[in-house]
Amino acid sequence: PSSLDVSPDARAPSFMPLIWAAISAHGFGHAAQVVPVLNALGCLVPDLRVLLRTTVPAAFFVDRLKIPWEISPVQQDVGCVQQGPMTINIEATWREHHQFHSTWKERLQTEIESMRTAKPDLVLADTPYLALAAGKAASIPTIALASFTWDLILSEYQAPPWIDTQPILQSIRQAYRQADLALRITPSPVLDCFQHLHIIHPVAEPALAARAQLAEFLSLRPGNLTVLIGFGGIPLTSLPFETLESLHGYQFLLDGSTPPESTRCTSIRSLPFSFKTLLASVDVVMTKPGYGTLVEAVALQVPIVYVRRYNFGDEQSLVEYLHRYGRGIELSMDDFMKGQWATTLERAINLPATTPPPEPNGASEAATMLVPYFKRNRS
């Protein structure tokens, strides 16, 4: 794996199949959806290589992506401007979209030229609309992989009066309409901007549990329960650590630094386990309703305590999926910030099993649908 600027000699010999994967860098959820699809596709298309067109850190793909890859860190879209994982700065989000679209023609031309240079067999976008428009212009087949679209997210936010949102939303929708096919991942809201849509099963690659090894490493006392606090790729800036110290019987694992005097909080960076292994090995997960963590926890039947944002377009479909197939309970934002977790954690642990969830084999479904694009170009 490496970082590159796309140039005539930057890719493998022309006979080797290449997929251009454009990935939104708003957190890690989009990358977490793409990686299983690419891994499944690599089992079906010999010698497949992938060019990752994204500003998701290269470290995310190490040990996750199993086929040869290179990364080209070019911004693909704006997403949302966050103030921590739970708060969206709506004015800044619209301001950044306004700036992004003011240079749309230049960005589009850059992507078109780069695609023509790299000569991929297929463009896969989750879900940067820029890549779909560029792929169409470059006469390369384009597939969207989506659990939401950015026009859906933005349409919920009131823009500052000096920004005309309609041209931006129209540009986004027009780009999405140019996709040859969209694979709508379960669960997701209705996506009405694509011309050709196919619904696939959930996309997840749950890890094997390592509960005994985790308990040994943490020197857990009998009866102590582990809680993984994971809010996606955007780190929490603060937690009520003093209050958490009083929650006896729990060990909290979180991404980020912890007070050196804390006895109940452990940074996952100090643990010899991946986030996915921890997700499969803990007693409870505390998170926001984001696709990757929620769908994997449901597949594993790990209880979830979730904190809602109430202003993100795919949140309701994820919460409904959780309550239908998983074990989940809501914790209010106020109780979360105050550390009033004990009652909700106890209720989550005691939740009964629900209806068995759908098989998380959406990646295999997607890969099977992508294979013909490579055979077509090699015939």
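**View 1. The largest nonpolar core has 63 residues.** Leu38, Leu52 and Phe61 have the most contacts inside this core. A nonpolar core is a set of buried Ala, Val, Leu, Ile, Met, Phe, Trp, Tyr and Cys residues joined through side-chain atoms within 4.5 Å. Buried means under 20% relative accessible area (1.4 Å probe, protein chains only). The model is predicted: local features need pLDDT of at least 70, side-chain atom pairs count only at pLDDT 80 or more, and totals for chains, interfaces and linings use all residues. Residues are numbered from 1 along each chain, and side-chain values use heavy atoms, without hydrogens or water.

**View 2. Phenylalanine 61 and its contacts.** Neighbours within four places in sequence are left aside. Phenylalanine 61 then touches Ile23, Ala31, Val35, Leu52, Thr54, Val56, Trp69 and Ile71. Contact means heavy atoms within 4.5 Å. A second, separate core has 44 residues, including Leu18, Ile112, Ala146 and Phe148.

**View 3. Helix 4 (residues 129-137) is largely enclosed by the rest of the structure, because seven of its nine residues are buried.** The buried ones are Tyr129, Leu130, Ala131, Leu132, Ala133, Ala134 and Gly135. Helices are DSSP runs (H or I, at least four residues), numbered from the N terminus. Just after helix 4, serine 139 takes a positive phi of about 60°.

**View 4. Helix 4 packs against helix 6 (residues 165-177).** The angle is about 55°, and the axes lie 8 Å apart. Axes are lines fitted to C-alpha atoms over the stretch in contact, and angles run from 0 to 180 degrees between N-to-C directions. Tyr129, Leu132 and Ala133 of helix 4 meet Ile172, Ala175 and Tyr176 of helix 6.

Terms used: Buried means under 20% relative accessible area, exposed over 50%, partly exposed in between (1.4 Å probe, protein chains only). Helices (H or I, at least four residues) and strands (E, at least two) are DSSP runs, numbered from the N terminus.
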